[in-house]
Number of protein chains: 2
Amino acid sequence: MKIDDNFYMKLAIDEAWKYQLITYPNPAVGCVIVKNGKLLAIEAHKEAGLPHAEINALKTAFLTQEPNSILKTKNNSSDIHNFLIQNHNGFFEDCEIFVTLEPCNHIGKTPSCAFLLSILNPKRVIISVEDPNKKASGGIETLKNKNIEVVKGVLKKDGEDLIFPFKTWQNKTCIFFKMAQTLNGMIDGQISSHRTKLYVHTLRDKIDLLMIGGNTVRTDKPNLDTRYVYGKNPDIFIYSRNKIFSQNIPLFTVPNRKVIVSDDLFKLLDYKFIMIEGVYNLLEILKDKIDFIVLLVNPKIRNGLNALNEIDLDFKILHENYLGDEKIIFLKRNF
Amino acid sequence: MKIDDNFYMKLAIDEAWKYQLITYPNPAVGCVIVKNGKLLAIEAHKEAGLPHAEINALKTAFLTQEPNSILKTKNNSSDIHNFLIQNHNGFFEDCEIFVTLEPCNHIGKTPSCAFLLSILNPKRVIISVEDPNKKASGGIETLKNKNIEVVKGVLKKDGEDLIFPFKTWQNKTCIFFKMAQTLNGMIDGQISSHRTKLYVHTLRDKIDLLMIGGNTVRTDKPNLDTRYVYGKNPDIFIYSRNKIFSQNIPLFTVPNRKVIVSDDLFKLLDYKFIMIEGVYNLLEILKDKIDFIVLLVNPKIRNGLNALNEIDLDFKILHENYLGDEKIIFLKRNF
């Protein structure tokens, strides 16, 4: 395998995917730092409010040289920024910094990543895709103005796949479909492991609306809460024509939650980040409304209700990860 | 992500998986070389008769320093061995060499990898699993006798998964099941892309017997040849009770092939490396005879015959790769 810019960018992209969706409303971003050919850091942005990928990677890289530096104790973006500006001592001047997305140029609570990089003066900054967010873009120019070599477009297609979810929620309501199945497409009953359920609860904590089919509500009588991760409980949209439900179903009694029972999809537009937890029939109904699919696959074959339906859809696999012994597959419609 | 022995071993393991089964009868092996923290080579053994993973990696690593060395023109194992013994000039003394399997100690047509490494005198040799093959093992001792630091057991479980197919064919007939399906388990008609078909033909070239169900033969009238890769055409075992087939079905007229029509599975033991190309009903019949499954998944959802059957099987995912836009999943029964 060739060890080149593509190789290091792939490491950054794969690392970023581990936090896909979890970084909402920020994009998933990864960063790799190589100093004189030595791989020093593979980091990602993990959650909105936590440091950007570049900051995590700069910190890790610096600590490989001075493992006992006080930097070790600094966890917020401002503190790491300030420390590095004062103490970098030319450490990054022979570094190549691979970022999946153009470093932000937006000065908010912290100085921008592009500004910090321009001070640290690395040998090269290698970027997969330019920032589609007008407010944060301009990072490449900031770097070039300081005569830092910038290479862009490395693994551009993979970089675009990585920020595809981010792009969907940038300017409109983002709707994704979550489905769990066995290898052979069986969807009955309890499919997923506890680890995968933890992940689903983490997603529920990030979204602002959870949509589910009326039949599933009647059959499963779910909570649809985030008890495994102590998160916030999203509002619920029960997709139903007849709109009659027993108020004893647990989801109705979860505090701080609005429950909408409706078949009017227009109401979805009041929300920004929507997960549909469904099976094939709901996918068939909503297939033209969804931006992407999160498919959770348990590696077993089971007899049971499965995809005997009229669905005929082609997908592109955006990415896959393991969730313990199971798989998570991010799919995008392929038209 | 931590950049440690596990990280580099994972790179070696993933590289080796790209050639899984293709190296038959040899094991799939990967090798990574790091010199003073610089990642120089990620290589694998690609096919029996071609150089071992270590040899490919040593060559790649050396060429990073002297890209125009005559070594560049040397492709067979002996030539690379001899060149490195004469010209290494201490290059590898500050190298760490990660190998997924204990370097071979067997002197055949070429000197053993362990012997070559003992001459090159690397700083450390890091090994995932010891060689289960008595004839080739002893490599660790050869290295230790030269006072080379050896670390073993790094990512041992992943290393064991990697050589699981090798272990199955070491002492007995290896039988694996190949199946193609859509995301939702649909198995009707043409599922796979041309790229995936090329891969299947490559597998057919490696195996010595291809088993298929009688009904599939009657319905599909297949060739079961290797025309896409100009390989050798395997013998065919048609699993059938009534044993009546039109001799006009193309597979019968492929030259240099024996066709067995039988329901006596004992006859399989005359062969060493058997692929079953089948669907769910054949899997149900043979589930206790197969060592592992190669599942080819096209990321689409289709209506059609799928896994509505009585199968109830749990798997462990040994590994996954992309085959172009599709997936190949190696599965092992989980009891």
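Buried here means under 20% relative accessible area, exposed means over 50%, and partly exposed is in between (1.4 Å probe, protein chains only). This is a predicted model, where local features need pLDDT of at least 70 and side-chain atom pairs count only at pLDDT 80 or more, while totals for chains, interfaces and linings use all residues. Residues are numbered from 1 along each chain as its sequence is written, chains are lettered from A and ligands numbered from 1 in the order in which they are written, and side-chain values use heavy atoms, with hydrogens and water left out.

**View 1. A patch of positive charge sits on the surface, with lysines from chains A and B.**
K38(A), K123(A), K38(B) and K123(B) make up the patch. For the bookkeeping, patch residues have over 30% relative accessible area and no salt bridge, with like charges joined within 9 Å and nonpolar side chains (Val, Leu, Ile, Met, Phe, Trp, Tyr) within 5 Å. Lys and Arg count as positive and Asp and Glu as negative, with His and the chain ends not counted. Each charge is placed at NZ of Lys, CZ of Arg, CG of Asp or CD of Glu, and the areas come from the Shrake-Rupley method with a 1.4 Å probe, with only the protein chains shown counting as cover for residues. Look for K123(B) in the loop between helix 4 (113-120) and strand 4 (124-129) of chain B; helices (H or I, at least four residues) and strands (E, at least two) are DSSP runs, numbered from the N terminus. K123(B) has 45% relative accessibility, so it counts as partly exposed.

Strand 12 of chain A runs antiparallel to strand 13 (residues 313-323) of chain B, over two bridges. There, K300(A) has D314(B) as its bridge partner.

**View 2. Strand 6 of chain B is largely enclosed by the rest of the structure.**
Nine of the nine residues of this strand (residues 174-182) are buried, which is why it is described that way. C174(B), F176(B), K178(B), A180(B) and T182(B) point one way, while I175(B), F177(B), M179(B) and Q181(B) point the other. Strand 6 pairs in the parallel sense with strand 10 (residues 273-277) of chain B over five bridges, with C174(B) opposite F273(B). Strand 6 also pairs in the parallel sense with strand 11 (residues 292-298) of chain B, over seven bridges, and T182(B) has N298(B) as its partner there.

The whole structure holds 42 salt bridges over all chains, each a side-chain nitrogen of Lys or Arg within 4 Å of a carboxyl oxygen of Asp or Glu. R227(A) bridges to D225(A), with the closest N and O atoms 2.5 Å apart. R227(A) is partly exposed at 41% relative accessibility, whereas D225(A) is buried at 10%.

How values were computed
Two strands pair if DSSP finds at least two bridges between them.
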